[in-house]
Amino acid sequence: MAKQNKTFSCSACGSSFTKWSGRCDGCGEWNTIVEDTPLSAGPASKSLGGQRGSALELTDLSTEEAPPPRTQSGLDELDRVLGGGLVPASAILVGGDPGIGKSTLLLQAAARFAQAGLKTIYVSGEEASAQVRMRAQRLGLSDAPVKLAAETNLRNILTTLEAEMPQLAIIDSIQTMWADNVDSAPGSVSQVRAAAHELTNFAKRKGISIVMVGHVTKEGQIAGPRVVEHMVDTVLYFEGERGHQFRILRAVKNRFGPADEIGVFEMTGGGLSEVINPSALFLSERGEPSPGSVVFSGIEGTRPVLVEFQALIAPSPHAQARRSVVGWDASRLAMILAVLEARCGIPFAGLDVYLNVAGGLKVREPAADLAVAAALLSAREDAALPADTVVFGEISLSGALRPVGQGENRLKEAQKLGFTSAIVPSGGKITGGDGLTLRSYADLTAFVGDIFGAG
């Protein structure tokens, strides 16, 4: 029998090594490297997980077997992000900055699922049961049939779940859980990974849906979620600015539905309320057309969303001009500025550039390139675009405008909100509907010359 090589990992940062050393090269901590024990080192006569560990021929799987039924919470935005509802025996990770509203959302979801007929347990490792009940009363959920528990010992939690056998368990949060067989402090990478692994395996063996809450720090340091994303079925991120009332629930990974789907919520005094038409809400504070303001018709998952890009160009008092971006990729902004200067002859040297996505939404798709370029030129030339115009399209490094996907859906959403004109790349298979005028351009130079008379 071949000799198995030993592996070691750091209990503080999770780095892996082939040999033991006193100091971790990854994080610099001392005496944190421990030996990993492989599963093959255990007794060979026992099978973990019963039938889940047994092998089946692929041809033995019935193609006529119905998929497991989903349970809908009644929160349409949450059900949309989950892919149509909660799948039995699924493991879900909900991540986000501390204080963004994850616990509030999941307490409301637990109450809705319990009222829909699911036996639900809410386990809090950060608050006492009385504090959770107080928050439920503030949200008007005191009569929901949800069982509450306050515990951080993973062994006690699993024992309770096996005795109660709920259909849904919410663990808030994974950073506070600790396994007594792992020699590290609660909240460390080793503890988080071990707790998530045990909870995910328990969900698969017992057919219980488990939702785990994880905190993400501003520096991106994980005390949690990113080291366990590959273990779970669905990863949801709760985004938003603390000073803004909008919250975005985004599906980063979903084995049971589309990824990049979003749900929009609004933080109110009575908790989180759903936003059925996010486009109208993101544009609700938009007043008269002003230089630097452009409406972009984007796609988030399967949903078209209209948002406003705002740009400001000002002379820079410093030797190096500033480039400040909120809600968009800073490196992509630098690329758009370079293309405008190289292909259109429009310099931005000596000018501070500020770009903002109104409403707190983070836009990730390259279809926003043309809207960003239009906003920058509008601010630089001090010329406002018509208020009834939407813009979308991708810009290549050569200055050509490329068509983007789901153009018809983007235009339908714009037309539904009263927009009558759209600026799009030429070559796409899209046509304007009744009352919607399309202005298409093959490259950025033609767009700049026609709209702004520059370049």
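Select serine 173, which is placed in the loop between β7 (168-172) and α5 (189-206); helices (H or I, at least four residues) and strands (E, at least two) are DSSP runs, numbered from the N terminus. Serine 173 is joined to aspartate 172 by a cis peptide bond, with omega about 5 degrees.

The model on display is predicted: local features need pLDDT of at least 70 and side-chain atom pairs count only at pLDDT 80 or more, while totals for chains, interfaces and linings use all residues. Residues are numbered from 1 along each chain as its sequence is written, and side-chain values use heavy atoms, with hydrogens and water left out.

**The annotated binding site**

Next, select Gly96, Asp97, Pro98, Gly99, Ile100, Gly101, Lys102 and Ser103, which UniProt lists under "binding site" in an unreviewed entry. UniProt positions are given in the numbering used here, feature names are shortened, and annotations may be inferred rather than shown by experiment. Within this selection, aspartate 97 is found in the loop between β4 (91-96) and α2 (102-115). Proline 98 has its place in the loop between β4 and α2. Proline 98 counts as partly exposed because its relative accessibility is 36%; buried means under 20% relative accessible area, exposed over 50%, and partly exposed in between (1.4 Å probe, protein chains only).

Move to alanine 89, in the loop between α1 (76-82) and β4. Its phi is near 60 degrees, a positive value in a residue other than glycine.

Select valine 211 in strand β8 (residues 209-215). With a relative accessibility of 7%, valine 211 counts as buried.

**Aromatic pairs**

Display the rings of Phe, Tyr and Trp (its six-membered ring); they pair if their centres lie within 6.5 Å, and planes under 30 degrees apart count as stacked, over 60 as edge-to-face and the rest as tilted. By this rule there are five aromatic pairs. Select phenylalanine 309 and tryptophan 328: their ring centres are 6.2 Å apart and their planes stand at 85 degrees, so this pair is edge-to-face. Phenylalanine 309 lies in strand β14 (residues 303-315) and tryptophan 328 in the loop between β15 (323-326) and α7 (330-344), so the pair ties together parts that are 19 residues apart in sequence. Phenylalanine 309 and tryptophan 328 are both buried.

Tyrosine 441 and phenylalanine 447 form another edge-to-face aromatic pair, with 5.8 Å from centre to centre and 75 degrees between the planes. Tyrosine 441 is buried at 7% relative accessibility, and phenylalanine 447 is buried at 0%.

**Arginines over rings**

Which residue lies over the face of phenylalanine 348? Select arginine 380, at 5.6 Å from the ring centre. A charge sits over a ring if NZ of Lys or CZ of Arg is within 6 Å of the ring centre and within 35 degrees of the ring normal. Arginine 410 lies over the face of phenylalanine 392, at 5.5 Å from the ring centre.

Show helix α8 (residues 369-381) and helix α10 (residues 444-451), whose axes come within 12 Å and cross at roughly 40 degrees. Axes are lines fitted to C-alpha atoms, for helices over the stretch in contact, and angles run from 0 to 180 degrees between N-to-C directions. α8 and α10 are therefore oblique to each other; angles under 35 degrees count as roughly parallel, over 145 as roughly antiparallel, 65 to 115 as roughly perpendicular and the rest as oblique.

Select aspartate 382, in the loop between α8 and β17 (389-391). Aspartate 382 has a positive phi of about 55 degrees although it is not a glycine. At 60% relative accessibility, this aspartate 382 counts as exposed.

**Two further contacts**

Select leucine 355 in strand β16 (residues 351-357), a residue that is buried at 2% relative accessibility. Leucine 355 and leucine 312 are 43 residues apart in sequence and 6.6 Å apart in space, C-alpha to C-alpha.

End at glycine 399, in the loop between β18 (394-395) and β19 (401-402). Is glycine 399 buried or exposed? At 5% relative accessibility, glycine 399 counts as buried. The C-alpha atoms of glycine 399 and valine 339 are separated by 6.3 Å, although these residues are 60 residues apart along the chain.
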